[in-house]
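The sequence and the structure come first, and the notes follow by topic.

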Amino acid sequence: MKRAKNRTVNVGIIGFGTVGTGTARILLDKQADLERKAGFPVRLRRIADLDIKRKRGIKLPAGILSRDVEALVRDPEIDIIVELIGGTRAARDVILKALKNGKHVVTANKALLAEAGQELFRTAAKNRAVIGFEASVAGSIPIIKVIRESLIGNSISNIYGIINGTANYILTKMTEEGLDFGTALGNAQARGYAEADPTFDIEGIDSAHKLTILAALAFGIPFSFKKIYTEGITGITPLDIHFASELGYKIKLLAIAKHADGAIELRVHPTMLPADDLISSVSGVFNAIFVEGDATGEALYYGRGAGEMPTGSAVVSDIIDIGRRIVSGADTWLQGITMTARTDLKIKKMDDIRTCYYLRISALDKPGVLSRISGILGSHNISIRSMIQKGRKKEKAVPLVMMTHEARERDMRQALREINRLSIVSGRTMYLRVEGDED
Ligand code: HSE
């Protein structure tokens, strides 16, 4: 293999928003430092964005910013194209074109990878190009590197974590200040922590996109976004936060991947975690990911999951990684992404998972109510661990809160259908899954 000595690695950025600005800032401000540490020069040659007028608080070399995406993708001088436009349609086109032009790509686009990862990596392999995606999950936490490289010698049994800062900020506000969901969301939007359309964050979709990527690397499976059970935080009420706290728990939006007995669980949902679990103390916009490997045991990774500089830092790490391969003459790089489904591993249906549950039933306060409810739970193999009834309102509805032992999701759903039909029960029963509390 030939080594291109003192070869300069040339970079083009498409999408000059928050992360694009952070990436440009690091490449420009730290040019000398990066060269010293990486061992080769890296130059930001072009930036393309539809908006070339808006001030970003950064001084660019003359002539590098334009609206011309096509010119950037075709520019023979550019080695690495950084896609930071987000969304799936235009970004997919740009990445495919760049790969077909023989360029390496760095992207933070978790939605696109989760939904079209197979196609993108297949195209990359065909064109002997590399896709870097450290910035796609958990911003500044180098979790892609950790799972794909550092922990490769492990069979990973358990990954769970907070990988959406917006949702975590909202739940933190609800917990610490007693706000309702709508007010906490408004607060997040006012502080720039949530998009005008926050659907992906609050409905768990963004976390599911990221979990798709982590699971692909951890278990050597294809991108399985459509198989992930996804539930958001919009139904969480201050009452549930209050009961959780009284019972010694926190409510967090968790992304969970487990591997046991030849099957994988992939799920994103609000979860009750013991208050003394390390992940419970992760507040605000921070992210944290717990990973358990058979060789390493338990490990926790914590840091900022979004924002201009933390995510820009992750993008630059990929640029340097790919640059090292360019400069050392490696003409391709095995990405650690599999295209073939594993026949020895099945992804469990949500109905088949087993977990403990929190139930909040709104039931009439009168004799015999509890025995009817517990009778239904018992008939579905669900055993109650503890119970509290709050308040005393004769013949009126009061919240009845129960914690169960481990039960099967299918049984729980069937039991709740029956409970919700009872005339002594008003409204739909709230139920949350509980982690970190195995029987
Ligand atoms: N809204 C996302 C988050 C952005 O808060 O984590 C980073 O992916």
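**Domain layout and ligand site**

Taken over C-alpha atoms, the centres of domain 1 and domain 3 are separated by 52 Å. The model is predicted. The ligand takes up the space of the largest pocket.

**Domains**

- The chain is divided into domain 1 (9–139 + 308–328), domain 2 (149–302) and domain 3 (354–434).

**Shell around the ligand**

- The residues around the ligand are K110, I163, N164, G165, T166, D201, D206, K210, G305 and A306.
- By class, the shell residues divide into 2 nonpolar, 4 polar and 4 charged.
- Two helices, α7 (165–177) and α10 (205–219), each supply at least two residues of this shell.

- K110 places a polar side-chain atom 2.6 Å from an oxygen atom of the ligand.
- For G165, a polar backbone atom lies 2.9 Å from an oxygen atom of the ligand.
- T166 has an N or O atom in its side chain that is 2.9 Å from an oxygen atom of the ligand.
- The ligand taken alone exposes 260 Å², and the protein buries 80% of that area.

Technical notes: Residues are numbered from 1 along each chain as its sequence is written. This is a predicted model: local features need pLDDT of at least 70, side-chain atom pairs count only at pLDDT 80 or more; totals for chains, interfaces and linings use all residues. Side-chain values use heavy atoms; hydrogens and water are left out. A residue is near a molecule or strand if one of its heavy atoms lies within 4 Å of it. A polar contact is a pair of N or O atoms within 3.5 Å; within protein, one must be able to donate a hydrogen and the other to accept it, and residues adjacent in sequence count only if both atoms are side-chain atoms. Accessible areas come from the Shrake-Rupley method with a 1.4 Å probe; for residues, only the protein chains shown count as cover. On a 1 Å grid over the protein atoms alone, a cavity is a set of points where a 1.4 Å probe fits but cannot get out, and a pocket is an open set with protein on both sides within 12 Å along at least five of seven lines; lining residues have an atom within 4 Å of a point. A molecule sits in a cavity or pocket if more than half of its atoms lie within 2 Å of its grid points. Helices (H or I, at least four residues) and strands (E, at least two) are DSSP runs, numbered from the N terminus. Ala, Val, Leu, Ile, Met, Phe, Trp, Tyr, Cys and Pro count as nonpolar, Asp, Glu, Lys and Arg as charged, and the others, Gly among them, as polar. Domain bounds come from an automatic or database domain assignment.
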